[in-house]
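Subject: Structure handover

Hello,

My notes on it follow below.

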Amino acid sequence: MPQAISSSRQSSLDSLAGSPLASPTLSASPYSPTDSISVLDSTSALVLLPNQDEEDSFEFSSDEEHEEHDPQLEIAKLAIPPLPAATVFLYLLAPYLRLGAILVPNGITSLKFGLVNLFVAAALSGFSRNLWFLLARYLRKSTAEDIFLEVIAKGISTAKRRRREKIRRLLFCVTGLLRILMTSMYLRASVDSVYPLLLEALPVQPRLIAALALGLLIFVVSFPKSLAAKQVICTTWLSVFLYTAWLVAALYNHMTGTTMPSPILAQHGVLWNDTTSIAFSFVTSLTVPLSASLAGRPSPPSNKTGGWTYFQMLSILSTVIATLLILPSILTASSPNIPGALSSDTRNTVVHLLGASSLLLSIPSVLVSIPPPPIPLAIRRFCKLDLGKAIIISVVVLLSLAPPSMAAFLNDLTIFLALCGSYFLPAWAHITIHYFRRPISIVIPHSVPSTPQTMHPPSPLHSADALLQRKERLLQRSRLGRRVLWDVGVWLLLMPISVFGMIWAGGRLIGKW
């Protein structure tokens, strides 16, 4: 697949913004291949250079090459099978309505400060999610791990493929670790939420029995191996509905003056407060494979880019709806209860059960996306049970039973990794790829050198080149504001806020403030 080289990183941003043609720059490229065609020796103003980087077997085919590849083979490469738009929207919305959203009412003290945190976190989440989407489209990757492999191991040659494979496995291990930590935290919070009820029903080891019983239930529900399974889709929809029911019950308790229930997460850790809880509410996941899944659906040949634009609309819609569903918690948490009403244990129990059920049913969609550990073939033939998933769920249950001090550390580690992965890493990948990597674009030098061939009358080919140059310049001018917007957002919003957040987290962990 041919690639062309541009001297300006802004031309790659034009490709990133979704143009079918990459926007060129008006200066000659400083990159020139050692054994290929030179820009200054070409008789054409448009120079396409062959790709000298190693080919990645996991890349998507381009639109121009779509007819040369088997569509079924391209679909088989997707991390998530092609999903309908409603299911993609579900998996974009569900991560926003989990533990962070349930913890929001517990720490809000100022309405103005809470609203600012909510809208800033929602805007940054939507911005970073769109960055993931644009990076995936620009690099033609179907997973975030492949994007980071492009960032980290781009310069590793084909001869060192083993090193690339080790880096790939390490990235998958880090991603799996974060998802295991999140599921164990959800399970721990579910058990903590219903723990007062268990003390009355189970006088002996109520936490252990509850964790084992819920872990077995999770294993049964998480038995499918794909997010396209109806079982996983139904549990995720039910989790969203239960969160909505929890919100209604909590609002009703507040309006009637009923004493609000205690925090659902007993071991918060030093990094948890009202700001980080709101930021954790808008943590994103599976953005890259979901965008590839929606774009990978069979569609008419005339609508090649409709899937990409549709995904951006679904992403924005999910962020807006999540913001509207979290907003009532902030509005009610910052205002006192209506005086004169009595507390009701029954109503608090309902709120506890709804919150715990919502968290519990959100676990299967996370577990299904965890890469299973490698199991020897002989063991898999002997045992018909899915040992990989059984091992993962066993680890999740064990981590949920951690003592309070370790549980607080695990909660801090989880929120730190989740916030870094959602806000800092996409900005870092964007800067690395578009400022320190060779872009994929079309080169238009200032002028074509005078050679005997250029003195001839213009041919139809040269006229076509001039028309293409004029078209590319118009595209570049029309998309200049969009390129500036992404750069300003990355350099002035995501990077400063992320770096400041990591410095603050480091100081909190070492006890400086």
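Helix α8 covers residues 206-221, and its 16 residues reach 22 Å from the first C-alpha to the last, close to the 22 Å expected at 1.5 Å a residue. The buried residues of α8 are Pro206, Ala210, Ala211, Leu214, Gly215, Ile218, Phe219 and Val221. Please keep in mind that this is a predicted model.

Overall composition and confidence

The protein has 18 helices and two strands. Of its 513 residues, 50% count as buried. The accessible surface comes to about 24700 Å², and carbon and sulfur atoms account for 68% of that. Among contacts with a separation of 6 or more, 85% join residues 24 or more positions apart.

Mean pLDDT is 75, with 68% of the residues at 70 or more. By element, the lowest mean belongs to strand β1 (residues 2-3), at 40, and the highest to helix α3 (residues 85-93), at 93. Residues 1-70 have pLDDT below 50, and the model gives this stretch 185 contacts beyond near neighbours in sequence. Residues 299-305 also stay under 50, with three contacts beyond four places in sequence.

Cores

The largest nonpolar core holds 93 residues, and the members that touch the most others are Leu99, Leu187, Phe280, Phe282 and Leu290. Helix α7 (residues 161-201) supplies the largest share of this core, ten residues. There is also a second, separate core of 14 residues, with Ala136, Leu149, Val151 and Val288 among them.

Leaving out residues up to four places away in sequence, Phe282 touches Tyr96, Leu118, Ala121, Ala122, Ser125, Thr319, Ala322, Thr323, Ile326 and Tyr423. One of these contacts, Ser125, lies in helix α5 (residues 111-139). Ser125 counts as buried because its relative accessibility is 0%. With the sequence neighbours again left out, Ser125 touches Tyr96, Phe282, Thr284 and Tyr423.

Aromatic pairs

A search of the whole structure gives nine aromatic pairs. One of them joins Trp237 and Phe241, which are stacked at 5.8 Å centre to centre with 25 degrees between the planes. Both residues sit in helix α9 (residues 230-255), four residues apart, or about one turn of the helix. How exposed are the two partners? Trp237 has 29% relative accessibility, so it counts as partly exposed. Phe241 counts as exposed because its value is 51%, where the cut-off is over 50%. Elsewhere, ring pairs link Trp132, Phe148 and Trp428 into a cluster.

Backbone

Most residues other than glycine have a negative phi. Arg140 lies in the loop between α5 and α6 (144-152). Its relative accessible area is 26%, so Arg140 is partly exposed. Leu286 is placed in the loop between α10 (274-281) and α11 (287-295). With a relative accessible area of 15%, Leu286 is buried, as the limit for that class is under 20%.

Regards

Terms used
Residues are numbered from 1 along each chain as its sequence is written. This is a predicted model: local features need pLDDT of at least 70, side-chain atom pairs count only at pLDDT 80 or more; totals for chains, interfaces and linings use all residues. Side-chain values use heavy atoms; hydrogens and water are left out. A nonpolar core is a set of buried Ala, Val, Leu, Ile, Met, Phe, Trp, Tyr and Cys residues joined through side-chain atoms within 4.5 Å. Buried means under 20% relative accessible area, exposed over 50%, partly exposed in between (1.4 Å probe, protein chains only). Contact means heavy atoms within 4.5 Å. The expected span of a helix is 1.5 Å times one less than its number of residues. Accessible areas come from the Shrake-Rupley method with a 1.4 Å probe; for residues, only the protein chains shown count as cover. Rings of Phe, Tyr and Trp (its six-membered ring) pair if their centres lie within 6.5 Å; planes under 30 degrees apart count as stacked, over 60 as edge-to-face and the rest as tilted. pLDDT is the predictor's confidence in each residue, from 0 to 100.
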